[in-house]
Amino acid sequence: TPRLDEQIDRAVRDGVEQMLLLPLFPQYSPQTVGSVMDAAARYCLGRRNPPAVRTVKRFYDRPGWARAVAAQVRALWREKGPLPGPSGRLLLSFHGIPLECVEEKGDSYRRECEESAALIVRELGLADGAWEVSFQSRFGPHEWLRPYTFERLRALGGEGVNRVDVVCPSFATDCLETCEEINIEGRAVFQSGCPGGSFNYVPCINESEEALSFYASLIAEELKGWI
């Protein structure tokens, strides 16, 4: 709480005529941003005087986002030191979706995650082999996007990696799927395959200075013509 429809209704009662929706999901998928757009459309459906609504459909490719994520990684490296050559790895773990959404329904989500990772590692200046992409939060009987984060964390120790830094670029704020699933469960999975190995979780951009600057710039750009 509060639900999206409740907040829209509250704004309309206050006289709002124009509304910008900024779903805090950097990449587009029907399950995330699409669900926000659906909820807004359901609110407007049948109302005689709904607000004019704009939605930011994705923002991973907007100037400043990758820089904000990279800043969180650099902050960790200042504390823990840089990745130690071939024995260190940056794992970019994105929320997964069922494989059929990409291969049968044509969703662009996997491509957008891969592009997001490329933008972040370019900001960091990382070479190939120092980083990789995986997908987390799988549930249900269907196959999801691979490689799975926990499988990669379990295998890295056997590949000579004794330090892994994990960042979750599909999340704007820390939540159960980052604090619990990655920083607690993922840590245990990695260390079960690499006893004594170093596991470091990179916090989401949250309310960092770089994130706030990015959002302010994004919102100002999206409101052109209205303000």
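E132 lies in strand β4, which spans residues 131-136. Helices (H or I, at least four residues) and strands (E, at least two) are DSSP runs, numbered from the N terminus. The model is predicted: local features need pLDDT of at least 70, side-chain atom pairs count only at pLDDT 80 or more, and totals for chains, interfaces and linings use all residues. Residues are numbered from 1 along each chain as its sequence is written, and side-chain values use heavy atoms, with hydrogens and water left out.

E132 has a relative accessible area of 13%, so E132 is buried. Buried means under 20% relative accessible area, exposed over 50%, and partly exposed in between (1.4 Å probe, protein chains only). The side chains of E132 and R89 make a polar contact at 2.6 Å. A polar contact is a pair of N or O atoms within 3.5 Å; within protein, one must be able to donate a hydrogen and the other to accept it, and residues adjacent in sequence count only if both atoms are side-chain atoms.

Aromatic rings were examined next. Rings of Phe, Tyr and Trp (its six-membered ring) pair if their centres lie within 6.5 Å; planes under 30 degrees apart count as stacked, over 60 as edge-to-face and the rest as tilted. By this rule there are six aromatic pairs. F59 and Y215 have ring centres 6.1 Å apart and planes at 85°, so this pair is edge-to-face. The pair links distant parts of the chain, 156 residues apart. F59 sits in the loop between β2 (52-55) and α3 (65-80), Y215 in helix α8 (residues 209-222). F59 is buried, at 0% relative accessibility. Y215 is also buried, at 12%. F214 and Y215 form a tilted pair, with 5.5 Å centre to centre and 55° between the planes. F59, F214 and Y215 form one aromatic cluster.

On a 1 Å grid over the protein atoms alone, a cavity is a set of points where a 1.4 Å probe fits but cannot get out; lining residues have an atom within 4 Å of a point. Grid points are joined across faces, edges and corners, and a volume is the space filled by probe spheres set on the points. The largest cavity has a volume of about 60 Å³. Its lining includes W65, V69, F171 and I205.

Note on methods
On a 1 Å grid over the protein atoms alone, a cavity is a set of points where a 1.4 Å probe fits but cannot get out, and a pocket is an open set with protein on both sides within 12 Å along at least five of seven lines; lining residues have an atom within 4 Å of a point.
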